[in-house]
Structure formats: structure tokens, C-alpha cells
Number of protein chains: 2
Amino acid sequence: MKNVLVGQSGGPTAVINASLYGVVTEALSHKEDIGHVYGMLHGIEGFLQDRYMDMGAVLSPDELELLKLTPAAYLGSCRYKLPEDLTSPVYKTIFEKFAALDIGYFFYIGGNDSMDTVSKLSRYAAGTDSTIRFIGIPKTIDNDLIQTDHTPGYGSAAKYVASTVREIVLDATVYKQKAVTIIELMGRHAGWLTAASVLARKNPHDNPMLIYLPEAPFEMEQFAHDLQSALEKRNCVIVCVSEGIADRSGTFICEYGDEAAVDNFGHKMLTGCGKVLENFVRNRFGVKVRSVELNVSQRCSGMVASKTDIEEASSAGAAGIKAALSGENGRMIAFVRTSAPGEPYHMECRTVDVNEVCNQEKPVPLEWITKGGSDISDDFAEYALPLIQGEARRIMKDGLPVYLFRDAD
Amino acid sequence: MKNVLVGQSGGPTAVINASLYGVVTEALSHKEDIGHVYGMLHGIEGFLQDRYMDMGAVLSPDELELLKLTPAAYLGSCRYKLPEDLTSPVYKTIFEKFAALDIGYFFYIGGNDSMDTVSKLSRYAAGTDSTIRFIGIPKTIDNDLIQTDHTPGYGSAAKYVASTVREIVLDATVYKQKAVTIIELMGRHAGWLTAASVLARKNPHDNPMLIYLPEAPFEMEQFAHDLQSALEKRNCVIVCVSEGIADRSGTFICEYGDEAAVDNFGHKMLTGCGKVLENFVRNRFGVKVRSVELNVSQRCSGMVASKTDIEEASSAGAAGIKAALSGENGRMIAFVRTSAPGEPYHMECRTVDVNEVCNQEKPVPLEWITKGGSDISDDFAEYALPLIQGEARRIMKDGLPVYLFRDAD
């Protein structure tokens, strides 16, 4: 009987803890095969400093249920990249620590970089007599992992974006005057989250009227042309942009705001593309304009999480345990959409080779980006809508959401 | 039998439509006294252009229920200030339009400026043979109206701030490294919303560790000292600041970022105090730092609205109709807290002289601002907690909130 070691890595999402819940509860249900379920604190980096907790011993069933609904990474996260050179002594150290804890099953919940960690550990193990099974559980709001229909975390973030954009449309259109609102959304390289803003529309000609993703080049003059047309149709135009939009030369639009921007203390101001576009529109069009950056709530709003996403994230964690127990190793849990378009949505977990997933990115298909790069097709909506369905249970006390906090470091 | 005219003015809130719902449903229930219930589109400014709708005729009962849960201003808003000079011909024009629609009761839902409109119209009417009764229904997320315990709109905004700050605390503390997160909250002159961030804490020594309101002067060196102390206690420090914090000279902190900040197009960048503090902290402390501006969702989040606030806002609208029917004129609906501290919360509506309310501001009491201006007292929490209680009903379709949209202008 071996023990489980599980960790979280990379940026938080609303459901990375739901995957942790899935790993822990499924592991605890296999009393014949699994002993302790250890959680690394701050991922592999913390584990190297012997920081871990016995999750089954520490957390009560009620706390586990709360964990499932708590955004961000309960165990703490890290951005630690293992050396490319598998002969580095750090691997020997890690495997000694695995042996000391009698680890038989290793789970890492994260995005690209975390899958890279799973890949390296499993490849290192292959050159030793280790029998530990290494499994990756995907998570990223960016939805940019390949070989999976979508990633846990994306559905909740997309639901937050679509709901919030719909509310901002209501807010931005109360006055009669010509006005432009620019909403900057997360996504450096992939526009999946920004694309979700199209779901905020009530009808095809509605706000947000313009949507720009990093997958298509963003040219200021084309934007001015698109905006001019939109302002001829409506007084209030809402524009949604990915933080990572860039022009044909590959220069991020946000970089155009950086160089000359220095505050009174002489410090360089870091400004996003929303502010750059706000200034551009103000000067070119002379209309009222505001930019809004949705910021970290996109990835940590438990109040507007998707029930589908939470359940799928949990099932991905549980599938990880089952895969490991059945002998799989060096694999990542992936989602397969088994329903055809038009049919009721159905998803199943499978496993894929983690080595093929890591360090790759899945962009939004170019054929889903329409109207010269300023709109999103209905095919995207058909893809994304099932992922935002259902409301997460909210446990409230004194009018505020109750979450599971670990004592601060 | 006379008709009702109702309008919305000033910035949106999550519950200004709940007050409209209260006015409309209460008015429609007095069939013996009230004929039509007209809604001005874009407030008094739109009414001057004969823009109004017959709300009882247009909205179904289901749509009225949806109105109650819809954030922002359904009728549209304006920022139109009536002339100080009551002999201005615009007053005669307005009252001719009132007469043409056989208006007997006038309701204006808004903040300071809207109460100024109610004051002026009622004072003008006093010099004529008009029998129209003018009633103000308060609303502002800023909570800065005098002669009322609090304002409709504040409870939902405070709940949004406290919930979201709690989630951002979870998000910001996943990594081990020293880090500072600065959250910029709405409030130019009054710190009520920023004070609500204290409710996000689980215990008194918890994040957000530092909270700064515009009521107390903000000095950079004192802030550096406060932050140094906080960073000695915890790796991750979350700081909440009002957008309107200013130093002893009266200069807004955000102004320190303005002058030298010019983007590559040669345009001046408008930057908030959060960005200014972010740059200050990065350069002074050399730690990881990020600033987050919660932005318009503070005033338009229907998903995280307070049920107490929605019900109170609705009751304020209904109380307006009752006051007008009982003969009151030139009054604003106000809230009185009839429960003593420690007792179960209870609130009643009364009316106050609108002339005494308009153009005044209620700051956070200085005795509620503690620790040299960097914290908020328990007295504030006792005051604010009842206002954020209860969850608004959410009507969802396809995973997104359903709101009542008026066809765009």
C-alpha cells in the first residue's frame, strides 16, 4: 500500500481546488490501495523544502466540501521549472523524498509548465527502478492545452467574463451620449476568454459590438474603421480585447503605452492595452471613453463559478486516481466531448501522453474569428455554452462567501 | 386621478431598478388614485425631449420582477443639472409638459444631484398653482447622503467589494514570495465602499492588512512605514485604497501619476492611485506588486447583489408613492435604523426635507478610521454587516443572468 502526493502549480483558477477535492476524495475511497494523501505546499518547490500536509488527516469531510467550492490554490502554488537536464541532482533529491514518504502515486494539477514537471519526473523515473505513477490534472483559465476538448477552469472564467460583460453593457449604456467602453480581458497568447464575451450578447447585433483576440493581428487603423462603423449604428459601443493583442509586426498593443509613461516619481508606468486604446479613441474620436480591466476576478471568482466546470474539475481529479491505480504513468487527464454538435452535451475523461501536451499551446481556431478579426462565430458559442452551465453552490455566512483558508505562510 | 412620472439619474447601482420596481408596483396598486405610471427616459433631460414610456402598459408582471433584479438604470440616466435661477424658462417648459401628461406625482431616483433636481422643481412649484408632489428616492453606492442611515445601492456594492476582496486575497496569497497587491476601490470623497473591504477579513490580523480612505490624509512615507510593518508579519500584503485618497496638501495621489505619463501616440495617460502606489512599492521595496482596480462591477454586479439592499431599495420606492399620496412634497425617503447596536437589524422608511439633503456629503466618521488612518474599526463592521445580508435571486438562462434590457437608443 503506497501513499499519494498531490500538488498545485501555476496561476489560480476557480476550480483547481475542485480537482484537488477530486483527487483527495477518490484516493481516500481506495483504502485497500492507498494510505496517506499528502498535499505538497507550494508545489514541487515547497516539497523540496519538506513542506507538505496529510490531507486526509487534517481536513474534515465538511472542510473537503468547502475546498471544492473555494477558488485559488488551497495548497499554495509555485512557478518552479525543473531542470531540462535529467542528470541534475535535484531529481535524485526529489525521488529520495518520494521514497521517504513511500509515495506510489504523484498528481500535479496545473497548466503547460506543470505538465512539463510531470513529463520530466516520469522520464527521470523511467531510468530508475521507481514504480511511482505520475499523472497530470489539467487546469488553466486560458483553455490553451492541446489534446483536450477544454480545460478545467475555463468554464468558470468564461462564465465570469460573459456575465460581467453583460452587466457592464447595462452599466455603460445608461447615458444617451456617444460613448465607448473598452474591456480588457486575460489572455496573452490565446483568446479563449475574450471570445467568451460574445456570449454576453442578447442578439447578434448587440454589445459587445467588437471583439479582438490575439490570434488575429490588431491594426489601429482597422480598429478605428471598425469603431467608426459601430458608432454609426449605436451610441454606446463596448469593445472587448485580449490583453495580448498585437499588431502585424508582433508588437503588443500594450507596449505602445509603456515607453513614455513615467509617473511623478520618475518611475515607468506599466499600462495595459485597454488604456492605450482608451487614449487612442479619446484623441481620434473625441467621444466619452473608459477602459475596464476585468483583472484577477476572472480566475478567482467563486461567486460566479460554473457548476459544470466544478464537477468536471472534480471528475478530472478522480479520474487521475483511477488512471494511476490502473497502472497508467506519464499521462494527463483529458476531456473528450462525446456528444455531436446539437446533441445534449456529454463529456468523458481519458488520458493522453503528458509529453505531447506540455509546452504546447492551442489557439482559438482562425475560422471562429470573423468580420476581419472583430467578431466571433456561432461555432464558438456552440463550443463554449455547455461549459458555463449551472450555478455553483454558494456557502454564505454574514452575507459573504465562506471559503477554506489555509493558515498563512 | 393623476398620473405618476418617475425617472432615474446619476450613476447606476445594482438596485436603482429595484427602487423603480417599488415605485411602479406600488403606484399600480393604487388604481383609485393613480392613472398612468410614466417613466422618463434619460431622466429630466430626456423628458424635456418628450422621451418617456408608459411603464404599466409596456411591462408585464414578469418583466417587472426581472426589472427588480436588473442592475444599472433601466430608464436610462442623465447628468443634467437644472438652472439655479428658478425664473429660467426651462421650468415653465417642464411644468407645461407635466400638465400635458396630467402628472400629479413626481419621483426622482438618484443621489445628491438628483435631490437637487427634486428641490428645485418643488421650490419652483411652490411659486405656482401646481399641486404636483415631488419626492426623491435616494440611491448611491457611495453612501454619502446625509439624514439617512444608509443609501440603497450601498449594501450591494459593499457586498461586492467584501466578497471580491476576499477572493482576491485567496488569489494573491498562493505564492510563497513577498508580494503586495493594491486594490483600488470607488469613492472620490467618501470611503464607505473602501471601508467595506474590512469585512473580507476572517480575523482582525488578516488581509486586507491596510485600508486607506479619503477621509484621512494619505502620506507616502507613512504608507511605506505601514507597509514595511505589514510585510514583516506576512509574505503577502493586500492594501485597499479609495480612488480619492489625497495627501495633506489636498493633492489626489492619482494626480502624481498623471503629468509625465504620455503614451507612444503622445497622449496623456490617465492612471489611478493604484498604479501610482504599485510603482511606488515596486521601486521602494523591490517586491512583486500588482494593482487591481475593481472598477464598474462595484456598482453594477447583479450576481453578487445584497437581498437586503434590493428589498430596501424597493421599499424606498414604495414609500415614495405612499408619502406622495398622503400629501408630502419636497421630501426624500430616508432610512432610519430602529434597532440598537447588538439587536437584530431593523430599518424603517421616513421622509426628510429634500432641500436639506441635496448638495451635502456624509463622510465616514473619523472615529471609525483607526491605526493612523490605515484601518477600520469594529463599529463600522457592526454598521455595515446588516446591509449586505442575503442573496439576490438570480434568474439564469444558458448559464448567464437574465436581465431586463430596454431597446438601445
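In chain B of this predicted model, helix α1(B) passes helix α12(B) in a right-handed crossing. Helix α1, residues 16-28 of chain B, and helix α12, residues 307-325 of chain B, pack at an angle of about 40°, with their axes 7 Å apart. Angles under 35 degrees count as roughly parallel, and those from 65 to 115 as roughly perpendicular; α1(B) and α12(B) are therefore oblique to each other. By class, eight nonpolar, four polar and two charged residues make up the contact of α1(B) with α12(B). On the α1(B) side the residues are A18(B), S19(B), Y21(B), G22(B), V23(B), E26(B) and A27(B), and they meet I310(B), A313(B), S314(B), G317(B), A318(B), I321(B) and K322(B) of α12(B).

From α1(A), the residues A18(A), S19(A), Y21(A), G22(A), V23(A), E26(A) and A27(A) meet a set in α12(A) that is made up of I310(A), A313(A), S314(A), G317(A), A318(A), I321(A) and K322(A).

V23(A) in α1(A) and I321(A) in α12(A) belong to the helix contact, and F107(A) touches both V23(A) and I321(A). Not counting residues up to four places away in sequence, F107(A) also touches V4(A), L5(A), V6(A), G7(A), M40(A), I135(A), I137(A), G320(A) and A324(A). The largest nonpolar core has 166 residues, and F107(A) is among those with the most contacts inside it, together with M55(A), Y154(A), F380(A), M55(B), F107(B) and F380(B).

The backbone of chain A deserves a separate look. Most residues other than glycine have a negative phi, and most peptide bonds are trans. Against that background, A72(A) has a phi near 70°, a positive value in a residue other than glycine, and A72(A) is found in the loop between α4 (61-69) and α5 (89-100) of chain A. With a relative accessible area of 1%, which is under the 20% cut-off, A72(A) is buried. D102(A) likewise has a positive phi, near 55°, and is a residue other than glycine; D102(A) lies in the loop between α5 and β4 (103-110) of chain A. The relative accessible area of D102(A) is 32%, so D102(A) is partly exposed.

In chain A a cis peptide bond joins N207(A) and P208(A), with omega about 0°, and the place of P208(A) is in the loop between α8 (192-195) and β7 (210-212). In chain B a cis peptide bond joins N207(B) and P208(B), again with omega about 0°, and P208(B) is found in the loop between α8 (192-195) and β7 (210-212) of that chain.

A last point in chain A concerns Q228(A), which is found in helix α9, residues 220-233. Although Q228(A) and F285(A) are 57 residues apart along the chain, their C-alpha atoms are separated by 8.4 Å. At 37% relative accessibility, Q228(A) counts as partly exposed.

Conventions. Residues numbered from 1 in each chain as written. Chains lettered and ligands numbered in written order. Predicted model: local features only at pLDDT ≥ 70, side-chain atom pairs only at ≥ 80, totals over all residues. Heavy atoms only, no water. Helix = DSSP H or I, 4+ residues; strand = E, 2+ residues; numbered from the N terminus. Buried < 20%, exposed > 50% of the residue type's maximum accessible area, 1.4 Å probe, protein only. Contact = heavy atoms within 4.5 Å. Axes fitted to C-alpha atoms, helices over the stretch in contact; angles between N-to-C directions. Parallel < 35°, antiparallel > 145°, perpendicular 65-115°, else oblique. Left-handed = near helix turned anticlockwise from the far one by under 90°. Nonpolar A, V, L, I, M, F, W, Y, C, P; charged D, E, K, R; others polar. Core = buried A, V, L, I, M, F, W, Y, C linked by side-chain atoms within 4.5 Å.
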